Amino acid sequence: QVELVESGGGLVQAGGSLRLSCAASGVTFSAYAMAWFRQVTGKEREFVAGLSRSGDITDYTDSVKGRFTIRRDLGKNSMYLQMNSLKPEDTAVYYCAASLTVYLHQVSRRHDAYDYWGQGTQVTVSS
């Protein structure tokens, strides 16, 4: 009965912005570590951004630092990925994920550390 539902993907011009949302049901996000991954056909799933269960530690892959921001809204039981200054190489399917197994004050970049996943939302950045 746990479900993560993603939204906010779409087609944008290079340099534009997009905000991805991930809404949870059947789980309370306050107890979970959260992360965003992305995947391009033929490539491995890539860690993008993560937020610790404690809510005070973030981690970003180098290619998105300074451009992307991960955050959560516990009142709405949702998490978000704000993406600014988008580049064509950001084009991918983006997945949200949540985990109870990651330590409280830790962010994991390993996809197998996450128990729950959304179905993915397509982000396409045109040049």
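Trainee: Is Asp90 buried or exposed?
Mentor: This is a predicted model, in which local features need pLDDT of at least 70, side-chain atom pairs count only at pLDDT 80 or more, and totals for chains, interfaces and linings use all residues. Residues are numbered from 1 along each chain as its sequence is written, and side-chain values use heavy atoms, leaving out hydrogens and water. A residue is buried under 20% relative accessible area, exposed over 50% and partly exposed in between (1.4 Å probe, protein chains only). Asp90 has 1% relative accessibility, so it counts as buried.

Trainee: With which residue does Asp90 form a salt bridge?
Mentor: A salt bridge needs a side-chain nitrogen of Lys or Arg within 4 Å of a carboxyl oxygen of Asp or Glu. For Asp90 the closest N and O atoms of the pair are 3.0 Å apart, and the partner is Arg38.

Trainee: How many residues apart are Asp90 and Arg38?
Mentor: Asp90 sits in the loop between β8 and β9, while Arg38 belongs to strand β4. Strands here are DSSP runs (E, at least two residues), numbered from the N terminus. The pair links distant parts of the chain, and the separation is 52 residues.

Trainee: Then what about Arg109 and Asp59: how far apart are their closest N and O atoms?
Mentor: These two residues form a salt bridge, with a closest N and O separation of 2.6 Å. Arg109 lies in the loop between β9 and β10 (116-117) and Asp59 in strand β6 (residues 58-60), so the pair ties together parts 50 residues apart in sequence. Arg109 is partly exposed at 41%, whereas Asp59 counts as buried at 19%. The distance you asked for is 2.6 Å.

Trainee: Why is β4 largely enclosed by the rest of the structure?
Mentor: Strand β4 covers residues 33-39. It is largely enclosed because the number of its seven residues that are buried is six.

Trainee: Which residue of β9 stands opposite Trp36?
Mentor: Two strands pair if DSSP finds at least two bridges between them. Strands β4 and β9 (residues 92-99) run antiparallel and are joined by seven bridges. On its other listed partner, β5 (residues 46-51), β4 has five bridges, again antiparallel, with Phe37 opposite Phe47. In β9, the residue opposite Trp36 is Cys96.

Trainee: What is the order of the open sheet of four strands?
Mentor: The pairing in this sheet is antiparallel, and its order is β1-β3-β8-β7. Its edge strands, β1 (3-7) and β7 (68-73), each pair on one side only. Within it, six bridges join β3 (residues 18-25) to β8 (residues 78-83), and Arg19 stands opposite Gln82.

Trainee: Which residues have the most contacts inside the largest nonpolar core?
Mentor: A nonpolar core is a set of buried Ala, Val, Leu, Ile, Met, Phe, Trp, Tyr and Cys residues joined through side-chain atoms within 4.5 Å. The largest has 28 residues, and those with the most contacts inside it are Trp36, Leu81, Met83 and Tyr94.
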